[in-house]
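Here are my notes for you, point by point. Keep the picture open while you read.

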Amino acid sequence: MENETIIVPEKVKEPSEPLFSPKNKRLLFDPLSDNNPITVQVLGICSALAVTVKVKPSIVMALAVMVVCAFSNVTISFIRNLIPNRIRIIVQLTIVAAMVILVDQVLKAFVYDVSKQLSVFVGLIITNCIIMGRLEAFAMANKPWPSFIDGIGNGLGYGVILVIVSIVREVFGSGELMGYRVMPESFYAAGYFNNSLVIMPPMALIIVGIIIWIQRSRNRNLIESN
Amino acid sequence: MDHVNIFIKAIFIENMIFAYFLGMCSYLAISKTVKSAVGLGMAVIFVLAVSVPVCYLLENYLLKPGALTWLSSDFATVDLSFLSFIMFIATIASIVQLVEMVVERYAPALYASLGIFLPLIAVNCSILGGALFMQEREYATLSEATVFGIGSGVGWFLAIVALSAIREKIRYSNIPAPLRGLGITFILTGLMAIAFMSFMGIAI
């Protein structure tokens, strides 16, 4: 009897931290603005910019990155105490690569045309620095559930920038949104042209630069010293 | 002549940074001084020059549909191409590890100056990108793939050295505070990429 009374409160204590405690909520929402992977941590820019010509592929890309990031975070977090330090990069890359192969096969099976548009960039999720960065910085030192939330949060933060950039590029570059025409015909009649410069890759960089400018003038803590 | 074409194309027209945005993260993070940019650029050239041909061999003698026929004709229908991501990244990671050990053993001075950039190359997207583009474009011979690897590396090298030189100068300019550092670097890269677009119309 004595023993049981001691064990019971411990069992209750285990799940005492609610699944969405304030700490975990912060993990989820911080990456959306103050700790955004692209504009603040400078991670995952490589693949972010080339897929943002249209909104649809960038949403698919953002979802793919979110899934890979969350599940590889969880996997690494489960085995974090078993990985020898010297070969951890190879172990991490192998796990991420396995996740990416799964995502790639799913995309090929269900949204083949988008997967063709994304071409090598699905494969490049493996070397997407967001994923490696979060594995190194978070999953190697934290429990599975917070790691999962962290993965989802960073995937969302990445997705937000991707979607903003792609909306600007699709509306001004081809006058469409998700494939539907949004620029009224009367504009074209009055002499408006689609700005084909926005479709070119360099403009993606300049748009991200402007997003950083806006974000940092709203949140002056992020300003870098010269 | 084909080789020269591939080389020039890989450097200028299909530049890893300005046309495909590959290897952007280390490109933005390590371009603060010309010296470290040169070191990292050289390391990227070397790793691309070694890993693209190795991946070419893997692709053609192991992964491609029917690639295993050199073993026995029974394997003519085996298609292992879904394994290519995992094979390529494992190859690249081990080559980077190997390069690191060789440099540490035989050129300690270079090793000290490169520091943490060497292991970082394993996750530089331009390396895996090089391997995947090689797979997609189906180069005919091993030497073509090697030339493509070296060319992409040289293109990346030129881009990072150019950016770091500009950043060294721009430190003395009066930039709006929120744009300092990362913001202006993005816009600079965009402008440089627009300049590089002038190569795009050239057909060779």
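**Notes on the model**

1. Let's start with Asp104(A): this residue is buried, with a relative accessible area of 8%. Buried here means under 20% relative accessible area, exposed means over 50%, and partly exposed is in between (1.4 Å probe, protein chains only). A salt bridge is a side-chain nitrogen of Lys or Arg within 4 Å of a carboxyl oxygen of Asp or Glu. Because Lys108(A) and Asp104(A) are four residues apart in helix 5 of chain A, about one helical turn separates them. Helices are DSSP runs (H or I, at least four residues), numbered from the N terminus.

2. A word on the ground rules. This is a predicted model, where local features need pLDDT of at least 70 and side-chain atom pairs count only at pLDDT 80 or more, while totals for chains, interfaces and linings use all residues. Residues are numbered from 1 along each chain as its sequence is written, chains are lettered from A and ligands numbered from 1 in the order in which they are written, and side-chain values use heavy atoms, leaving out hydrogens and water.

3. How many salt bridges are there over all chains? The count comes to three. Another one joins Asp150(A) and Arg134(A) at 3.0 Å, N to O. This pair links distant parts of the chain, with Asp150(A) in helix 9 and Arg134(A) in helix 8 of chain A, 16 residues apart. Asp150(A) is buried at 2% relative accessibility, and Arg134(A) is buried at 11%.

4. Chain B has a salt bridge too: Arg137(B) with Glu14(B), closest N and O atoms 3.3 Å apart. Arg137(B) sits in helix 7 (residues 125-137) of chain B, and Glu14(B) in the loop between helix 1 (2-13) and helix 2 (24-29), 123 residues away.

5. Now look where the chains meet. The contact (heavy atoms within 4.5 Å) takes 42 residues from chain A and 41 residues from chain B. Across this interface the rule finds zero salt bridges. Helix 12 of chain A gives the most to the side of chain A that touches chain B, with 10 residues.

6. Last, the rings. Phe71(A) and Phe148(A) form an edge-to-face aromatic pair, 5.7 Å centre to centre with 70 degrees between the planes. Rings of Phe, Tyr and Trp (its six-membered ring) pair if their centres lie within 6.5 Å; planes under 30 degrees apart count as stacked, over 60 as edge-to-face and the rest as tilted.

Technical notes: Helices (H or I, at least four residues) and strands (E, at least two) are DSSP runs, numbered from the N terminus.
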